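Trainee: Could we go through this model together, one question at a time, with the definitions stated as they come up?

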Number of protein chains: 4
Amino acid sequence: MVKVGIVGGTGYTGVELLRLLASHEEAEVVAITSRAESGRRLDDLYPNLRGIYDLAFSEPDVQALAACDVVFFATPHNVAMNLVPELLAAGARVVDLSADYRIRDADIWSDWYGEPHASPELLPEAVYGLPEVNRAQIADASLVACPGCYPTSVQLGFIPLLARGLVDPAHLIASSASGVSGAGRQAKVDNLLTEVADSFKAYGVAGHRHLPEIEQGLADVAGEPVAVTFVPHLLPMIRGIHSTLFARLKGEAGDLQALYEQWYADEPFVDVLPPGMLPQTRTVKGANRCQLAVALPQARDTVVVMAAIDNLVKGASGQAIQNMNIMLGLEESMGLRQVGLLP
Amino acid sequence: MVKVGIVGGTGYTGVELLRLLASHEEAEVVAITSRAESGRRLDDLYPNLRGIYDLAFSEPDVQALAACDVVFFATPHNVAMNLVPELLAAGARVVDLSADYRIRDADIWSDWYGEPHASPELLPEAVYGLPEVNRAQIADASLVACPGCYPTSVQLGFIPLLARGLVDPAHLIASSASGVSGAGRQAKVDNLLTEVADSFKAYGVAGHRHLPEIEQGLADVAGEPVAVTFVPHLLPMIRGIHSTLFARLKGEAGDLQALYEQWYADEPFVDVLPPGMLPQTRTVKGANRCQLAVALPQARDTVVVMAAIDNLVKGASGQAIQNMNIMLGLEESMGLRQVGLLP
Amino acid sequence: MVKVGIVGGTGYTGVELLRLLASHEEAEVVAITSRAESGRRLDDLYPNLRGIYDLAFSEPDVQALAACDVVFFATPHNVAMNLVPELLAAGARVVDLSADYRIRDADIWSDWYGEPHASPELLPEAVYGLPEVNRAQIADASLVACPGCYPTSVQLGFIPLLARGLVDPAHLIASSASGVSGAGRQAKVDNLLTEVADSFKAYGVAGHRHLPEIEQGLADVAGEPVAVTFVPHLLPMIRGIHSTLFARLKGEAGDLQALYEQWYADEPFVDVLPPGMLPQTRTVKGANRCQLAVALPQARDTVVVMAAIDNLVKGASGQAIQNMNIMLGLEESMGLRQVGLLP
Amino acid sequence: MVKVGIVGGTGYTGVELLRLLASHEEAEVVAITSRAESGRRLDDLYPNLRGIYDLAFSEPDVQALAACDVVFFATPHNVAMNLVPELLAAGARVVDLSADYRIRDADIWSDWYGEPHASPELLPEAVYGLPEVNRAQIADASLVACPGCYPTSVQLGFIPLLARGLVDPAHLIASSASGVSGAGRQAKVDNLLTEVADSFKAYGVAGHRHLPEIEQGLADVAGEPVAVTFVPHLLPMIRGIHSTLFARLKGEAGDLQALYEQWYADEPFVDVLPPGMLPQTRTVKGANRCQLAVALPQARDTVVVMAAIDNLVKGASGQAIQNMNIMLGLEESMGLRQVGLLP
């Protein structure tokens, strides 16, 4: 059995790791840390785990974590970058679900996060954990930076168009919408049910921290700089991200449906829907899956791509486990065979 | 008192007309028709109206309706176009909330609605009821075609940019999202709570019936043809439309905030939010108001406009009453002073 | 015009007072206080009020408040009881929406709120502001303690049965459910959308602070002690309270429908539904109305009463304005004619 | 592998059977019928099943079904009672999720369902499939009548009290609330999102079809007749049932917490929560689990029990699979180890 440690297990990506790992045949969670909840049983905080885990949160302890085969960071940014150097030195392998190692350029990271990076020396060896792009590098990595939720959906949607050079990379548009769980489990008036239920709004229009990550990833695929106008919105629901992507064709479209189907034909967790079917967040709820559709409305020159994921699964904890499986040479879908909860 | 008739009062725009007219100082509802519910009291179907109206639904009767000063059609398409000729001939004035008279070209109408238009001879005299564009013509009209919900939000958002010629009119993008009440009150599996709650999806990407209306209205303002890539989405909530609009600048942006504030300075029901504030559907819930914000993310060349309305008020029944007030020379905000229901 | 002051205007009962007073023909809000938001415009915090109020929050100032004809306290408990003595002494009349003056016995109050009462000398003169019971005393009161949201629904539902001595007063059961707005606008993890959306639970089963208020009010009506098993539940929505009440008949039921209809025949804001119709919170949303139904399932000996209100209106701010109108001799329904927002 | 057939697979209990059986190590779905959708692929109707099942709906065919080891009926009432006799005769074993065989007395069944029972001769051999009561009989049964969703929660909550004779069986009260999925997947205006979102109501107060089933099951446990006042409510959400139960003590309560913990100590799918923790529907979402809590508010004589289940899992399809496992001698939790989806 693979020994798994989780740092920062009280948030939603933490409990989601626990939910998914409960059905993983080869992984055992041996340590889960939380300064605030140290000593409290997991299932006292998360009663859905009663009878599943006989564990309590503990203080973060580098030695205990270093004894794990894989350590997940399910923390806000600015935690992992301080602890990971020591863990790597001790021989652990790390999957970081936070933003700390997603941006290769420490200056850009600092611009968006408002502080210096604590371990910039690790940025070159951190692998961006989007398996559909970097599977081989992930297999050999000691440190994987798991993509953000919005960036997962936006990149998977745009990749075939950009890789084939079909669209103008300088004027991409991503109109995305997320359930509130993307904001984490923190006491903020802005995320009270009374403030965000039964309503819809854009936010972060001036600049969202996922923008540089999106542009970095897409530029890699395009082989040239890209510019994305990225507008996230907040949905009155808990889980799910849906991105509607717009790009202008540079020439003939060709058979876009065939392009997408072929591009992702061998991907276990990317599902290109047949013509006429559009993604819904409810069909991927709880599942490690991205559903995609592509269209060319009115046969004009603007391609529209729609992508749906569960932000906590393919957008976070599921993708993290997918990365772990690849790193450890396990079957990639181990622990990730949950069917979407519909209705 | 103005005598008001309502054809097709059992749907959501019907009950919303009744809610709003209950506080209108000069209007009295004297007839409300429904074939299916004829004889049933209004407040039996809509208990929120108990004690407010002492009325029952009646069979549609042209003479009774013709005796009204204004007749609202709160019907699906394909009803008004058959009855309106007779009503106009009898001297009534009509505000049609359906799609029947929104498109000036009967062939285009037929292409999108799949049947011949029943009274194309009235199309030239029908006035498109967007007061922010056509206030003077509405005042003199006998037949006003009230705009669709999506088109109201999309047009109010794009108008200043197009009227000033600031953006490329051939590549506009509208990513809109609506509450489920926009689909009306019909027994369809697709709109069950179990099918659309707790989820989000795009629909009608290949072509939505509001597209020709949007392009017609915006072309009028632009003075040249426009092309819009319009993607509507379904929100897991009852009321509210939010449109996120994208347009590419042709040159310098100038002060977009000032442009919007000045453009709508005298409009009672268009509210340009101050910099840093973004529209939310909850702040206009139940109110006849469109809230707008404009931004130029990353100081690049793509303008983003956000518009929020209540689809049943400024997107339907409130706008219909606004049109009626203009037609009758009443104060434009009469019956329309409701404050948004927040939280 | 009546000059109105509001203490603690940043919470949901505060903004609801503002929404309702905007349509009140005789009242003008002249001061609204908040220590935390002093200097901030109302419509910056609550954009639904843009164009309605040209006011900013101010520091609480006794002199300014004392100059008002009526001062509303829309505060958590433990604020009013410290300020009210001074305001009354200065000649103001007060409607307290908090719990401070609802319980006549200062010891009982202390038991439930965990601190001594700061102005117990005012308890004898405070009038419990349930107009359906105390209309005459409210008219003469200087200090009205507005009932809690749950207690309003529970009392209005049980009153006819208890006043007529039809049921066992020692074993009443109230199974109530509230939208999340009842918990106020405070940063708590427990009320995040992610914690309470898409779920349902009981809470406060061991003892909820509204219990002594309910039992005090019902005992007054019954003329003997009553005991209520009160179980509140949390609904995954913003507004609305629904109480399902159970009581055992002592003898023959008689015509319960007629009893309820007659009991409330002259009440402007209590609506006994006809047989076969049951209350829904959506039909009273935004309205100052309690809808009631009574049933005797299977013709056995347990009466079931259902009561629905909007917790922020008839359960708080609407009832507060109703009290103000009675105190000032204004028409009782002034400012309270909003129709429920349906759908 | 066990060959499984499903009759009526297009409804929500059908898709839920498919979701759960996808992780069942010993079961294979070989036939799934639907007259309306015959020929359509499962994953076209339910895209969450893409890549999981390579099956299409077929016309009901007795021979094909009889070749299965177990046939589930996921149909409305009045289907199974016509087909089951033939299937049993052909040697199949049946788990009926509908109401057809739940009531032992055919006359009572007819009273509540408004038609004669089509196969009353099978009623004596049908076993009521509540494993916590009838595990041994289920093991030997050919025909299991799976309990209704409300009855599962109400019975599991009341059983320890009644079995021990602690409470008055003639005046039990059950105030239950269900998500909308309990109403099935049928085109009805009443269940549109616009009609039931953002609202709460009681329904069926005069008499709900689950009442005789509840009273029959509880009388068996009590060993004497019971009478339940049962009031179901509709929650604005998809999944979940919560029942709040009230019963009057006949004497001393004793240690109720210990009673419940001991009663269900060996039950894999009934979880008595520790003191101070109350059930929430969200903690059992997607899981085959009933969470229970018991309380004696104010140390008076009314016991309150709270029970939460997922109506589609422990209230329907999960319990059906639990029954199948028992019938076939498989491990009872096979295919039922899903962790609740939280948040």
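**Strands, helices and contacts**

Mentor: In chain C, β1(C) and β2(C) run parallel and are joined by 6 bridges; strands (E, at least two residues) and helices (H or I, at least four) are DSSP runs numbered from the N terminus, and two strands pair if DSSP finds at least two bridges between them. This is a predicted model, in which local features need pLDDT of at least 70 and side-chain atom pairs count only at pLDDT 80 or more, while totals for chains, interfaces and linings use all residues. Residues are numbered from 1 along each chain as its sequence is written, and chains are lettered from A, with ligands numbered from 1, in the order in which they are written.

Trainee: Which residue of β3(C) is the bridge partner of C:Val4?

Mentor: Strand β1(C) also runs parallel to β3(C), to which 4 bridges join it. Within β3(C), the bridge partner of C:Val4 is C:Val70.

Trainee: What is the handedness of the β-α-β unit that β1(C), α1(C) and β2(C) make?

Mentor: A crossover is called right-handed if, with the strands pointing away from the viewer, the path from the first strand over the helix to the second runs clockwise. By that criterion the unit made by β1(C), α1(C) and β2(C) is right-handed.

Trainee: How many residues of α1(C) are buried?

Mentor: A residue counts as buried if 20 or more other C-beta atoms, placed from the backbone, lie within 10 Å of its own, as exposed if 12 or fewer do, and as partly exposed in between. The buried residues of α1(C) include C:Tyr12, C:Glu16 and C:Arg19, and they pack against α8 of chain A as well as against elements of chain C, among them β1 (2–7) and α11 (313–328). The helix α1(C) is mostly covered, the number buried being 10 of its 10 residues.

Trainee: Why is strand β2 (residues 27–33) of chain B described as largely enclosed by the rest of the structure?

Mentor: Strand β2(B) runs parallel to β1(B), with 6 bridges joining the two, and B:Lys3 stands opposite B:Glu28 in β2(B). The strand is largely enclosed by the rest of the structure because the buried residues number 5 of its 7.

Trainee: Which element gives the most to the side of chain C that touches chain B?

Mentor: Two residues are in contact if their C-beta atoms, placed from the backbone, lie within 7 Å, and 26 residues of chain C meet 26 residues of chain B in this way. The element that gives the most to the side of chain C, with 3 residues, is helix α1 (residues 12–21) of chain C.

Trainee: Which element gives the most to the side of chain A that touches chain B?

Mentor: That contact takes 39 residues from chain A and 39 residues from chain B. The elements that give two or more residues to the side of chain A include β7 (172–178), β9 (228–234) and β10 (241–248). The most, 4 residues, comes from β10(A).
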